[in-house]
Amino acid sequence: MDLSDAIAAIHEQLPELGERIAERIRADVPAYADESLIPFDSLRRSCTANADLVLRHLRRSGAPDPGPARETGRIRAEQGMPLADILHAYRIGFEFLWSEILTQARTPHTTVPDAQLVDRSAEIWHLFGLYAEAVAAAHRETTAELAVQRGARRSALVEALFSGVITDRITLWDAARELGLPERGPYSVVAAAASSPGEEPLSGVETSLRQAHLPSAWRLLPDQQIGLIAVATPEAEATGLRILRRAGARVGVSPRFSSLRDTPQALRFARLALAGLPDGSPGVARFDDNPLAMLVAAAPVEAAHLMNVVLKPVLDLPGLERTRLLGTLEHWFDAGGSAATTAERLYVHPNTVRYRLRRVEELTGRSLSDPHTVADLRAALLATRSPATARSPDTDQATSTE
């Protein structure tokens, strides 16, 4: 008997053969044992179709058809099956099929020359290589397409949260689940400044946060990278801040909030915190750390007017003296009003600090011992540091007299 007769005999058992191959794969590859992931009927149909394809090719020769193999790769990618497990299953299927052919070829009524078996063995493993390559190519293509679709869907959901398009509770919960976020807060919103359009100032941040068990969702805008982070505890928030600081970017962080419905307002707070950072300086600013600076950033035109009213005589000084007085005043505020601590930080004598502070009082007509005027000076000083204020019309007016 020729080997083609043995192959034909096996081909007649095709439905049963496909089921047996499916059972072997399910027994030997754990990933295929999950009925919810790959129903047995789907696996059986795939095994039957591929066995039919191989047997027809062995009987007729001609160019192999990788179509069913590509279809298998596509379907398994959609089902979330890892490529390594698919290729393992393919090898099991080919080994099972070749074992059946050998058994049929060596029955008492069949005498197939060894030379034919050797030739067909090489042919069937050549087919395995072709089909495995087709499976892998289709799996990679489909996986890439699905990743793009998931990325687009995820980006759209994040944008909907930040823009306030989603407002009802059920839809918010659905969005949270799809984004991998808890349904309830607390959360924080992050806004990081990009140095050029399309650049991620917090590259890899989502992975770093995930490794720290902090779920997050991100959106890249032309000038900013914005994100929503679940911070269940103060310790979790502190961990998130450490991760953000490692990036060396300019980052603003909102206060914590409990409902996703408040995400748009939290984004505004995060952007105000970002605007409150000194221009060009990297760092992480929390809205709650300096509320006065946030108010200055929230109203740049009004803050610029305040700066002009309170500090104009100082701002009108020549550059070096102006910088010296403003810097001393800023260090004095940071030192809690201590001239001695300010002197240590500036490497000058305390009397030098006191002289400069008196000079500010003389120029502005405001006493640093009066809490009301101190508040005015602090707000005006913060306005000089704010890039948002620096762009306002009143600022140009205030500095045009230099």
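# Briefing: cavities, salt bridges and selected residues

Helix H9 supplies the largest share of the lining of the second largest cavity, namely 4 residues. The structure described here is a predicted model. Its cavities of 30 Å³ or more come to 3, and its salt bridges number 18.

- Two elements, strand E1 (187–193) and helix H9 (234–246), each provide at least two residues of its lining.
- The lining consists of Ser188, Val190, Ile229, Val231, Glu237, Gly240, Leu241, Leu244 and Val253.
- Sorted by class, these lining residues comprise 6 nonpolar, 2 polar and 1 charged.

**The largest cavity**

- Rolling a probe the size of a water molecule over the atoms shows where empty space is left.
- The largest cavity of the model has a volume of about 210 Å³.
- It is lined by 17 residues, of which Ile25, Cys47, Asn50, Tyr90 and Gly93 are the closest to its centre.
- Four helices each give at least two residues to this lining: H2 (14–28), H3 (40–60), H4 (67–78) and H5 (83–105).
- In the lining of the largest cavity, 12 residues are nonpolar, 4 are polar and 1 is charged.

**Salt bridges**

- Arg26 and Glu35 are joined by a salt bridge between their side chains, with an N to O distance of 2.9 Å. Glu35 has a relative accessible area of 42%, and it is therefore classed as partly exposed.
- A further salt bridge pairs Arg219 with Glu159, at 3.0 Å from N to O. Because Arg219 belongs to strand E2 (residues 216–220) and Glu159 to helix H6 (residues 114–163), this pair ties together parts that are 60 residues apart in sequence.
- Both members of that pair are partly exposed: Arg219 has a relative accessible area of 23%, and Glu159 has a relative accessibility of 31%.
- Glu183 and Arg177 also form a salt bridge, in which the closest N and O atoms are 2.6 Å apart. Glu183 is partly exposed at a relative accessible area of 27%, and Arg177 is likewise partly exposed at 47%.

**Helix H2**

- H2 contains 15 residues, and the distance from its first C-alpha to its last is 21 Å, close to the 21 Å expected at 1.5 Å a residue.
- An α-helix has 3.6 residues a turn, so residues three or four places apart point the same way.
- The buried residues in H2 are Leu14, Leu17, Gly18, Ile21, Ala22, Ile25 and Arg26.
- Helix H1 (3–11), H3 and H5 are among the elements that cover the buried residues of H2.

**Thr72 in helix H4**

- Thr72 is located in helix H4. Its relative accessibility is 9%, which means that Thr72 counts as buried, the cut-off being under 20%.
- Leaving aside residues up to four places away in sequence, Thr72 touches Ser46, Asn50 and Tyr90.

**Backbone features in loops**

- The peptide bond that runs from Gly185 to Pro186 is cis, and its omega is near 10 degrees. Pro186 is situated in the loop between helix H7 (169–179) and E1.
- His213 is not a glycine, yet it has a positive phi of about 65 degrees. His213 occupies the loop between helix H8 (205–211) and E2, and with a relative accessible area of 70% it is exposed.
- Tyr347 is a second residue other than glycine with a positive phi, here near 60 degrees. Tyr347 sits in the loop between helix H14 (339–346) and helix H15 (350–364), and at 77% relative accessibility it counts as exposed.

Methods. Residues are numbered from 1 along each chain as its sequence is written. This is a predicted model: local features need pLDDT of at least 70, side-chain atom pairs count only at pLDDT 80 or more; totals for chains, interfaces and linings use all residues. Side-chain values use heavy atoms; hydrogens and water are left out. On a 1 Å grid over the protein atoms alone, a cavity is a set of points where a 1.4 Å probe fits but cannot get out, and a pocket is an open set with protein on both sides within 12 Å along at least five of seven lines; lining residues have an atom within 4 Å of a point. Grid points are joined across faces, edges and corners, and a volume is the space filled by probe spheres set on the points. Ala, Val, Leu, Ile, Met, Phe, Trp, Tyr, Cys and Pro count as nonpolar, Asp, Glu, Lys and Arg as charged, and the others, Gly among them, as polar. A salt bridge is a side-chain nitrogen of Lys or Arg within 4 Å of a carboxyl oxygen of Asp or Glu. Buried means under 20% relative accessible area, exposed over 50%, partly exposed in between (1.4 Å probe, protein chains only). The expected span of a helix is 1.5 Å times one less than its number of residues. Contact means heavy atoms within 4.5 Å.
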